[in-house]
Amino acid sequence: MDATTAPATQVATVKLLIGGQFVESKTTEWRDVVNPATQEVLARVPFATQAEVDAAVASAKEAFKTWRKTAIGARARIFLKLQQLIREHMGELAALLTAEQGKTLPDAEGDVFRGLEVVEHAANIGTLQLGELANNVAGGVDTYTLLQPLGVCAGITPFNFPAMIPLWMFPMAIATGNTFVLKPSEQDPMVTMRLCELALEAGIPPGVLNVVHGGEAVVNAICDHQDIKAISFVGSTKVGTHVYHRGIASGKRVQCMMGAKNHAIVMPDANKEQTLNALAGAAFGAAGQRCMAVSVAVLVGEARLWVPDLVAKAKTLKVGAGTEKGVDVGPLVSCAAYERVTGLIERGTADGATLELDGRKPTVPGYEKGNFVGPTIFSGVKPGMTIYDQEIFGPVLCVAGAADIDEAIEMINANPNGNGTAIFTQSGAAARKFQEEIDVGQVGINVPIPVPVPLFSFTGSRGSKLGDLGPYGKQVVLFYTQTKTVTARWFDDSTVAHGVNTTISLK
Ligand code: NAD
């Protein structure tokens, strides 16, 4: 849905957060936030003006002067408090998330929980941001490093994890001493805003966390702003590539986590029931709107005969509104997403793939207007078909076959994306070969969605990522800081002067 003018008076408006205040935008451009199960308009979100983006950045720049010097313990305690507040409000946050995004309530809790883990990690900032020290690198000389914050950093987030992904970004940026400007997805900004309210309640000072809403123009304003030092982006490959190049061109650090096509190899020795459960959950959960969803199953050898079992398993999943008990697959986020996914299913048949299970037009009593598509399975899928080459981002599983593990690995390595992959097998040798030879940044062994916990970083690779360092974990501490190396010698009065040294060596 395109942005329209003037907010409807009876519908709540989503606020901007500038200088510690939640304020109404003065823009004339607004967009509806819509419940994807009912089409009810939940709120209207502003597309911020250039002046509002400038005000958010100016407030972050001012706040940086004191925040950068705030004691580590004081920073850490804010995130200890925030994790407690998020736990206390889990039910409310999940309900808000389900209403605007569509995923089931248990999955919405999972979305919040995976972000909460990063908040807990941010509370460990004392040990994460330690520098190094080498004693006596030359006579009386020590060298040590300081990991210093950069200044104002920005985050741009997608619709599919409106709690987890903002929480990947602002807690670690702020814990390392930076101030932040967040641009949430305009499709589901409400749960993100509630998390920001909790962050302020936890003690984040005015100006340290700011939020602007909008689309292309606001994102471009962030990319170009000379007072922003680093951008974290998560979203589609098309937009991420644009953000990366535009941000780099204006001298920023940029990390972009982007689109995917995640393959799972199924070896014939895999535990069949566990594998079918894992594939169905990872392909159709969250209506396939996960960047780490399994979207291609590569059945190897005799596992190629498992397609009917996969179809039978997929048929056990219940499609419906995320608020209803027992539902496995909620609606797609928008009417536009529904049109795109159903269009691609049509295209798959036209391209010659076999439609084994057609999830279009499921019956969902009471929710006739919802953007529902049920589990859909194609077999005989090959590179060159649109359903293989494009990210569908819906509950559609493409099944391909391979004679052996080498052929399966070759297929995956030839695909440009590198977000995630998995193998299902009982063979340690096969698993180890896969882990060694596969050119994908996140690997699951009998684990279908191998998103690392925050002790590690998110390490999608190749076409799924631009920039060197990933979100959260140790890598993001380096992303959000400048390493300063200090080489120091202290003299006491009795030290004998060595005279002038015109060489590079430390005498
Ligand atoms: P999107 O690229 O459409 O939007 C992401 C952000 O960019 C939003 O904040 C949006 O407002 C902004 N944006 C949209 N169009 C823009 C434009 N033309 N110019 C500048 N900014 C623009 O992505 P989405 O549809 O919200 O999210 C789904 C995509 O995100 C999928 O491709 C998915 O794979 C990817 N994703 C990747 C990861 C990962 O970690 N690799 C995680 C989650 C989602």
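User: What makes a residue count as buried or exposed here?

Analyst: Buried means under 20% relative accessible area, exposed over 50%, and partly exposed in between, with a 1.4 Å probe and protein chains only. This is a predicted model, so local features need pLDDT of at least 70 and side-chain atom pairs pLDDT 80 or more, while totals for chains, interfaces and linings use all residues. Residues are numbered from 1 along each chain as its sequence is written, and side-chain values use heavy atoms, without hydrogens or water.

User: Which residues are exposed on the face of α11 turned away from its buried side?

Analyst: Pro 308 and Lys 315. Both therefore pass the over 50% mark.

User: How do you know that the buried residues of α11 share a side?

Analyst: Val 307, Leu 310, Val 311, Lys 313 and Ala 314 are buried. They cover an arc of only 160° around the axis, so they sit on the same side of α11. The arc is taken from the directions from the helix axis to the C-beta atoms.

User: What do the buried residues of α11 pack against?

Analyst: α10, β14, β15, β16 and β17. Contact means heavy atoms within 4.5 Å. Helices (H or I, at least four residues) and strands (E, at least two) are DSSP runs, numbered from the N terminus.

User: Why are β15 and β20 called edges of the sheet?

Analyst: The open sheet runs β15-β16-β17-β14-β13-β19-β20, with mixed pairing. β15 and β20 each have a single partner strand, so one side of each lacks a neighbour in the sheet.

User: What makes β19 and β20 a pair?

Analyst: Pairing needs at least two DSSP bridges between two strands. Three bridges join β19 to β20, so they pair, and they run parallel. Ile 423 has Ile 445 in β20 as its bridge partner.
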